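This report describes one protein chain together with its ligand.

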Amino acid sequence: MEEVGTGLLDRLDAMQRVAASAHGGPMLIVAGPGTGKTRTLTHRIAYLCAELNVNPQRCLAITFTRRAAQELRERLADLLADDADEVTVGTFHALALTLLRAHPRAAGLADGFAIADEAQCAAARAEAGDSAEAYRRALRATHLVDLDELVPLAVAMLERDPRLVREYRDRWVWIFVDEYQDVDADQYALLRLLSPPDGNLYAIGDPDQAIYSFRGADVEYFLRFAHDFTDARQVRLTRNYRSTAPIVAAAVQAIAPTSLVRDRRLDPARLDPDAPLIGRYAAATAAEEAEFVARTVDELVGGLSHRSFDARVDPRAVPAEPLSFGDVAVLYRTDAQSAAIVEALSRANIPVQKRSHNRLRDRPGVAPLARELRLANGGGTVPERLAAAARALAARHTAPTLDGAAAVAPEDVWTAADLLGPLAARHHEDLTGFLTEIATGAEVDALDPRAEAVTLLTLHASKGLEFPVVFLVGCEDGLLPLRLPGDPPSEGAVAEERRLFFVGITRARNRLYVSSAARRFRHGAERETRESPFLAAIDGALLHPLHTLTPRSPRDRQLRLL
Ligand code: ATP
Ligand code: MG
């Protein structure tokens, strides 16, 4: 627990302090990666509550992933103790669901409406043919909504009912949005309804990390913030606290050709004398690239790094700090690339956790279990209630039922109960919060950020995260930037791919490796590849070529076992 009150802002630099302690009104923080946006945001909420006596219940903090929301909650708890629970923290989806559950009728929904799982969506789609309206009708007939409808439904509800707008504007007087560069039209509409033009909307983001336009996000909302909100103030943060100087320099060079930020600056705050360069490995094949990752992880974590390597240039040199598998992430552009990496890491006995975009609800057994939990009365903690619901559901399978459709294989029930166990523990007393997370979350967020395993994730999913060691694999033209067959590359699309590359580089704190394969299996055939043009933007002096795999001797293995 940090001390509340005096010195709350001492752990911020001068500009962060300005950003955290500003008075009310609309405010835009334009800040590059690693400049402490989350830190500033949490300190601002703590400062308002602890020093300016703002009621924490008047604060609403919105993020894009559940994992980010979870992190915000934890950091707030450190700063605010019990008051932190009073702050509403959630994703746009969760926020919309909260609004709709509070007023289902105003939204034109049934009282006990539920979110459709994949099977239910597919059934409704089959029934509806090609028409979106018929699809919605089919869902509503069974009191269901599609996850993607949550935000638009909440917007429509508020637009119809000005009383509700007033109610929520009174309730949440201080609104904070992280990653504002990635809001889409519906999310933006929701924000404009929740916040008056001169309200205390605190938006944080980095246009150069806008990577979700394919999903409807539009960086324009960020760029016109000052126009949309009255007398909006702007603060810039330019000191990067996350990464070593070579990594920051490479990131700045990588984004420069199409940066959306005028006078973009990113200065490394860290001046580690021994910061290694960026490791560059050009493999012959994807399998060899994966082998390189596995070997390097093995050496770094297993303490087998080569003492002869010069720590000032070679990222394979012995780490000054002990590393664990959980410190390492492998980032890739397409999910297809992960198979080779998983295989190589598994062969080397390196534990892996892979983030997937599957919806939690779509895993077998999860939806019926959630339904059972929602309907069952009873008390106890969330883990206790989860166990009881699983027992009831599994028992019902063996008993004859009138409703055959409700039958769930007990095996699926127990698998689902295990999958949800950690989440239930996190929401120990809060069944509603637990059910909301199941309804709105992807599996990606259900994984444990502190697990002792190498994290594998797409560049998109890596947004906002940081790792001591990062491998950015598949740095090839056609993959990064991604190009699909018959898909002419537009300038805008390539610029977005470049931002994705920028996001990837800036996840690394201490060591970064960029790799490519000269031949890769894509679109049904093994093809020759060319190096990613994005790499060419980085000064060669920042890259340390790693020519060969370091030989692994039987002695190394033995040493490790000792
Ligand atoms: P991104 O754009 O990638 O989301 P961000 O701007 O949100 O990055 P944070 O994750 O808040 O950055 O901070 C990056 C790292 O720098 C964190 O480890 C954070 O603790 C650290 N940091 C931020 N500000 C300071 C500071 N003033 N002093 C020391 N460390 C700091
Ligand atoms: Mg952030």
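The account below moves from the whole chain to selected parts of it.

**The chain as a whole**

The model discussed here is predicted. The chain contains 22 helices and 18 strands. Its C-alpha trace spans about 70 × 60 × 50 Å along the principal axes. For 562 residues, a compact globule would have a radius of gyration near 24 Å, and the 25 Å of the chain agrees with this. Of the 562 residues, 46% count as buried.

According to an unreviewed UniProt entry, residues 10–244 carry the annotation "domain: UvrD-like helicase ATP-binding". This span is 46% helix and 15% strand, and its end C-alpha atoms lie 23 Å apart.

Which residues come nearest to ligand 1? Of the 18 residues around the ligand, these are Pro33, Gly36, Lys37, Thr38 and Tyr241. By class, the shell has 4 nonpolar, 8 polar and 6 charged residues. Helix H2 (residues 37–51) gives the most to this shell, with 3 residues.

The unreviewed UniProt entry also lists a "binding site" made up of Ala31, Gly32, Pro33, Gly34, Thr35, Gly36, Lys37 and Thr38. Pro33 counts as buried because 23 C-beta neighbours lie inside 10 Å. Thr35 counts as buried because it has 27 such neighbours inside 10 Å.

The contacts of these residues are given here without those up to four places away in sequence. Pro33 touches Asp206, Gln209, Asn240, Arg242, Ala251 and Thr506. Thr35 touches Leu237, Thr238, Arg239 and Asn240.

**A residue in strand S7**

Ala203 is found in strand S7 (residues 200–205). Is this residue buried or exposed? Ala203 is buried, because 25 other C-beta atoms lie within 10 Å, and the cut-off for a buried residue is 20 or more. Beyond its neighbours within four places in sequence, Ala203 is in contact with Leu28, Val177, Tyr180 and Phe225. Leu28 and Ala203 are 175 residues apart in sequence, but their C-alpha atoms are 4.9 Å apart in space.

| Residue | C-beta neighbours within 10 Å |
|---|---|
| Pro33 | 23 |
| Thr35 | 27 |

**Strand S15 and its partners**

Strand S15 (residues 467–472) has 5 buried residues out of 6, so it is largely enclosed by the rest of the structure. Strand S12 (residues 328–332) pairs with S15 in the parallel sense over 4 bridges. Strand S16 (residues 508–522) also runs parallel to S15, and 5 bridges join the two. Val469 of S15 is the bridge partner of Val328, and Arg511 in S16 is the bridge partner of Val469.

**Helix H4**

Helix H4 (residues 92–102) is mostly covered, with 8 of its 11 residues buried. The buried residues are Phe92, His93, Ala94, Leu95, Ala96, Leu97, Leu99 and Leu100. They pack against strand S2 (59–63), strand S3 (88–91), helix H7 (150–160), helix H9 (185–194) and helix H18 (431–440).

Notes: Residues are numbered from 1 along each chain as its sequence is written. Chains are lettered from A and ligands numbered from 1 in the order in which they are written. This is a predicted model: local features need pLDDT of at least 70, side-chain atom pairs count only at pLDDT 80 or more; totals for chains, interfaces and linings use all residues. A residue is buried if 20 or more other C-beta atoms lie within 10 Å of its own, exposed if 12 or fewer, and partly exposed in between; C-beta atoms are placed from the backbone. Two residues are in contact if their C-beta atoms, placed from the backbone, lie within 7 Å. Two strands pair if DSSP finds at least two bridges between them. A residue is near a molecule or strand if its C-beta atom, placed from the backbone, lies within 6 Å of it. Ala, Val, Leu, Ile, Met, Phe, Trp, Tyr, Cys and Pro count as nonpolar, Asp, Glu, Lys and Arg as charged, and the others, Gly among them, as polar. UniProt positions are given in the numbering used here, feature names are shortened, and annotations may be inferred rather than shown by experiment. The radius of gyration is taken over C-alpha atoms; the globule rule is 2.2 Å times the number of residues to the power 0.38.
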